Amino acid sequence: MPDFPPLGHVAVTVNDLKVSRPWYQKLFGSDPVVDEDTGTFHHVVWMIGNSTIVGIHQFPKLESTDAFEEHRPGLDHISFHCTNRSELEEWEKRLDELGIKHGGIVDAPYGSGLSFRDPDNIALEFFAPPG
């Protein structure tokens with residue numbers, strides 16, 4: 001059996017691309033590589049680094065427009081890997097510069113995290129391993 005492959009991409013559903021697209025573009029600091037309305041859904045996609053792909057999708061008709069809630073089955077959060085706590089501290093400063101609310105760096109035996117949310121309340125995090 002081959003080795004299990006790495007994660008290919010993450011795509012989340014948003015309520016309004018007019019709100020979420022500029023928010024994510026500001027967070028990632030780059031233009032998307034794809035912005036396409038397929039008819040079935042409209043998606044905007046960013047390539048982050050050499051191997052991470054993050055997309056946001058908007059569907060013409062949503063089953064619910066309720067804000068994201070990680071206490072329901074499905075996604076809990078998306079985490080972006082930081083090499084160390086120093087890099088995490090840089091991201092904390094960057095979120096402050098961007099005016100993005102966050103919970104501050106929280107240290108635990110398994111690493112340190114910096115949690116924040118997108119316009120649809122989707123939980124995001126920067127995470128650094130211990131050490």
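## Pockets, rings and a few side chains

Strand S5 contributes four residues to the lining of the second largest pocket, the most of any element. Keep in mind that this is a predicted model.

Let's stay with that pocket for a moment. It holds about 260 Å³ of space, and 14 residues line it. Those nearest its centre are Leu7, Thr52, Ile53, Ser79 and Phe80. Besides strand S5 (78-81), strand S1 (9-13) and strand S4 (52-58) also give two or more residues to this lining. What classes of residue make up the lining of the second largest pocket? Eight are nonpolar and six are polar, with no charged residues.

Now for the largest pocket, which has about 430 Å³ of space. Its lining counts 19 residues, and Thr13, Asp66, Ala67, Phe68 and Arg72 sit closest to the centre. Here charge does turn up: the lining splits into nine nonpolar, five polar and five charged residues.

| Pocket | Volume | Lining classes |
|---|---|---|
| Largest | about 430 Å³ | nine nonpolar, five polar, five charged |

On to the rings. Searching the whole structure turns up eleven aromatic pairs. One of them joins Trp23 and Tyr24 in an edge-to-face arrangement, with 4.9 Å from centre to centre and 75° between the planes. Trp23 and Tyr24 are both buried.

Why does the Phe80 and Phe126 pair tie together parts that are 46 residues apart in sequence? Because Phe80 belongs to strand S5 while Phe126 belongs to strand S8 (residues 123-128). Both Phe80 and Phe126 are buried. Zooming out, these two pairs belong to one aromatic cluster made up of Trp23, Tyr24, Phe28, Trp46, Phe80, Trp91, Phe116 and Phe126.

His43 is found in strand S3 (residues 42-48). Is His43 buried or exposed? Its relative accessible area is 13%, so it falls under the 20% cut-off and is buried. The His43 side chain has a polar contact with the Glu36 side chain at 2.7 Å. Leaving aside residues up to four places away in sequence, His43 touches Val34, Asp35, Glu36, Thr38, Ile56 and His57.

Glu70 sits in the loop between S4 and S5. Which residue does the side chain of Glu70 reach in a polar contact? That would be Arg117, through its side chain, at 2.7 Å. With residues up to four places away in sequence again left out, Glu70 touches Leu75, Asp76, Arg117 and Ala123.

Finally, there's Thr83, in the loop between S5 and helix H2 (85-98). Thr83 has 55% relative accessibility, so it is over the 50% cut-off and counts as exposed. Thr83 and Gly131 are 48 residues apart along the chain, and their C-alpha atoms are separated by 9.9 Å.

Conventions:
Residues numbered from 1 in each chain as written. Predicted model: local features only at pLDDT ≥ 70, side-chain atom pairs only at ≥ 80, totals over all residues. Heavy atoms only, no water. 1 Å grid on protein atoms, 1.4 Å probe; cavity = no way out; pocket = protein on both sides within 12 Å on 5 of 7 lines; lining within 4 Å. Points joined across faces, edges and corners; volume = space filled by probe spheres on them. Nonpolar A, V, L, I, M, F, W, Y, C, P; charged D, E, K, R; others polar. Phe/Tyr/Trp six-rings, centres within 6.5 Å; stacked < 30°, edge-to-face > 60°. Buried < 20%, exposed > 50% of the residue type's maximum accessible area, 1.4 Å probe, protein only. Polar contact = N/O pair within 3.5 Å; in protein donor to acceptor, adjacent residues only side chain to side chain. Contact = heavy atoms within 4.5 Å.
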